[in-house]
Amino acid sequence: MEIRVIHAGMQTTVQDLGRRGHLAEGVPIGGAVDPVALRLANLLVGNAEDQPALEITLTAPELEFAQDAWIAVCGARFEGVPAWRPFRVCGGDTLKFGPRLQGCRAYLSICGGFAVEAVMGGRGTFLPGGFGGFEGRALRDGDVIRSVPSERILSGHWSIDERILPQYSREPTVRVIPGSQAAEFGDALYTEKFLVTARSNRMGIRLEGPPISRTTGEELVSSAVAPGAVQVPPDGNPIVLMADAQTLGGYPRIAHVASADIPLLAQVAPGDAVRFTRTTVAQAHALARAEEHRLALLRQGLAEKIKKA
Amino acid sequence: MTLKLEPLGDMAVVATLGSAIDRATLAAVLHFAEAVAAAGARGITDIVPAYASVTVFYDSSLFQDAPGGAYEAVCRLMEGCAKGPEAAPGAFGARELEVPVCYGGEHGPDMELVAEHCRMGADDVASLHSGADYLVHAIGFTPGFPYLGGLPEPLRTPRRDTPRARVPAGSVAIGGSQTGVYPIASPGGWQIVGRTPLALFRPREVPASLLRPGDRVRFRPITAKEFESWK
């Protein structure tokens with residue numbers, strides 16, 4: 001089925017759950033910045049959780065559907081578009097989003113999934129490398145993207161328990177594990193509030209606050225970094241690396257965000273603020289387990305609502 | 001081998017094997033990375049060697065029932081891998097690759113600046129740069145980007161004060177005591193002395209990165225005409 005992009009929005013890309021096994025070649029994990037919203041969007045239309053969906057950033061696209069389809073939009077909320085439940089669009093309809101109400105990134109899934117080929121084991125777009133997703137780039141006005149036909153039968157008029165949803169906020173407190181150089185910094189990361197700047201993107205969220213000072217000027221030998229790493233460059237403004245994080249880095253790491261709290265950061269927009277609080281590796285793993293448990297319950301519940309034709 | 005282990009968040013364990021950027025450290029790094037790969041443990045998703053460290057990424061859900069938790073389990077696995085025989089010095093570098101480079105002119109916009117800084121002619125920069133043996137210490141920054149050790153001392157040039165927003169793919173550059181090649185167009189702060197027509201990163205090939213840590217690299221000067229006819 002064809003979906004015509006009337007307006008592309010600020011940055012709309014095809015994303016999935018990322019690439020694994022290529023970090024040693026310098027290829028980032030990539031995929032959805034908010035993997036939980038993408039997984040939920042897929043579950044709601046009966047797709048496998050790792051199917052590619054559209055990642056919409058701040059301003060939404062306008063899309064014309066050639067045929068009837070079930071879609072779902074999760075993550076950031078927009079006026080006039082149902083959130084966190086599947087809804088039907090009719091052939092010939094144009095889906096228009098109203099103003100953004102909350103969050104930064106929304107994920108639009110379609111029953112059957114978007115038809116894009118895998119590159120290096122992933123179907124997400126890696127913009128700096130120009131590969132993956134739809135022609136290795138963000139969607140443009142006039143593009144036509146295809147979905148895989150599906151005979152699945154869905155029913156509407158229900159929504160998922162709010163308690164299952166990530167607790168997004170314009171001022172989230174994010175749990176972090178102390179990083180390799182944590183001892184070279186004071187407590188500023190945990191006592192101050194940091195503003196999200198407009199220079200944030202899929203590679204990292206650039207924060208601004210009272211500059212964080214380091215007790216040493218020692219240069220570090222570059223080693224692996226990953227999404228969630230909180231680096232402090234010499235100017236003292238922390239950067240939280242996100243999905244398209246470079247694979248090696250040489251800035252001091254003050255902390256690392258627990259994987260379960262990555263969705264909270266994925267949804268902060270320029271002007272929002274972030275606070276940090278300490279956790280441990282074991283607690284972070286427990287949080288991830290609890291999240292998987294919630295998703296498993298949802299999967300069970302949805303099995304009743306989505307039938308194979 | 002002494003390992004210093006610490007967490008990289010809840011997703012990886014970093015093993016630091018030294019603090020120097022030298023051949024012996026690289027040999028130990030590659031030896032250890034191979035030992036972890038050879039262990040073939042389920043739940044290990046990525047093994048990332050760098051100058052003096054090996055970072056092992058794991059899927060915590062696959063170590064859920066391990067005593068002490070996933071982090072402890074991966075640490076134990078890594079400690080086990082470090083118990084084998086030490087790396088023989090110089091027991092790597094089996095592969096040698098030649099990278100053709102068109103030095104200076106439109107392909108090396110910082111050549112004049114580097115030559116001036118090093119108090120020599122542009123030709124001398126090119127012949128010194130292409131006369132040396134380099135060693136790939138790490139791959140990263142961007143896909144396929146090799147951090148090369150072995151830059152002749154007279155060629156050391158500080159990075160640019162303001163990084164370029166876009167360095168073209170194939171650019172060969174000097175940053176401090178290091179040299180490298182930008183496989184894809186990206187922002188960059190190193191001084192560009194030339195450009196290679198060779199693709200160092202090919203997402204549709206296996207492996208996608210032409211180079212890997214431990215490879216030896218030599219640069220071969222080519223003319224602008226050869227550069228053009230390469231494609």
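Visitor: Which residue stands opposite L5(B) in β2(B)?
Guide: A15(B) does. Strands here are DSSP runs of E, at least two residues, and helices are runs of H or I, at least four, numbered from the N terminus. The model is predicted: local features need pLDDT of at least 70 and side-chain atom pairs count only at pLDDT 80 or more, while totals for chains, interfaces and linings use all residues. Residues are numbered from 1 along each chain as its sequence is written, chains are lettered from A and ligands numbered from 1 in the order written, and side-chain values use heavy atoms, with hydrogens and water left out.

Visitor: How many bridges join β1(B) to β2(B)?
Guide: Five, and the strands run antiparallel. Pairing takes at least two DSSP bridges between two strands.

Visitor: What sits between β1(B) and β2(B)?
Guide: A hairpin turn of three residues. G9(B) in that turn has a positive phi of about 60°.

Visitor: And which residue of β4(B) is the bridge partner of A15(B)?
Guide: V54(B). β2(B) and β4(B) run antiparallel, joined by five bridges.

Visitor: Why is β2(B) largely enclosed?
Guide: Four of the five residues in β2(B), residues 12–16, are buried, so the rest of the structure largely encloses the strand. Buried means under 20% relative accessible area, exposed over 50%, partly exposed in between (1.4 Å probe, protein chains only).

Visitor: Switching to the interface. How many residues of chain B are in contact with chain A?
Guide: 40 residues of chain B, against 36 of chain A. Contact is heavy atoms within 4.5 Å.

Visitor: How many salt bridges cross between chain B and chain A?
Guide: Two, by the rule: a side-chain nitrogen of Lys or Arg within 4 Å of a carboxyl oxygen of Asp or Glu. One of them is D46(B) with R20(A), closest N and O atoms 3.5 Å apart.

Visitor: Which elements of chain B supply at least two residues to the side that touches chain A?
Guide: β1 (4–8), β3 (44–49), β4 (53–58), α2 (70–81) and β6 (134–139). β3(B) gives the most, five residues.

Visitor: Now chain A. What is the strand order in the open sheet?
Guide: β7-β4-β1-β9, four strands with antiparallel pairing. β7 (94–95) and β9 (144–146) are at the edges with a single partner strand each, so one side of each has no neighbour in the sheet.

Visitor: Which residue of β7(A) is the bridge partner of E64(A)?
Guide: T94(A). β4(A), residues 62–65, and β7(A) pair over two bridges.
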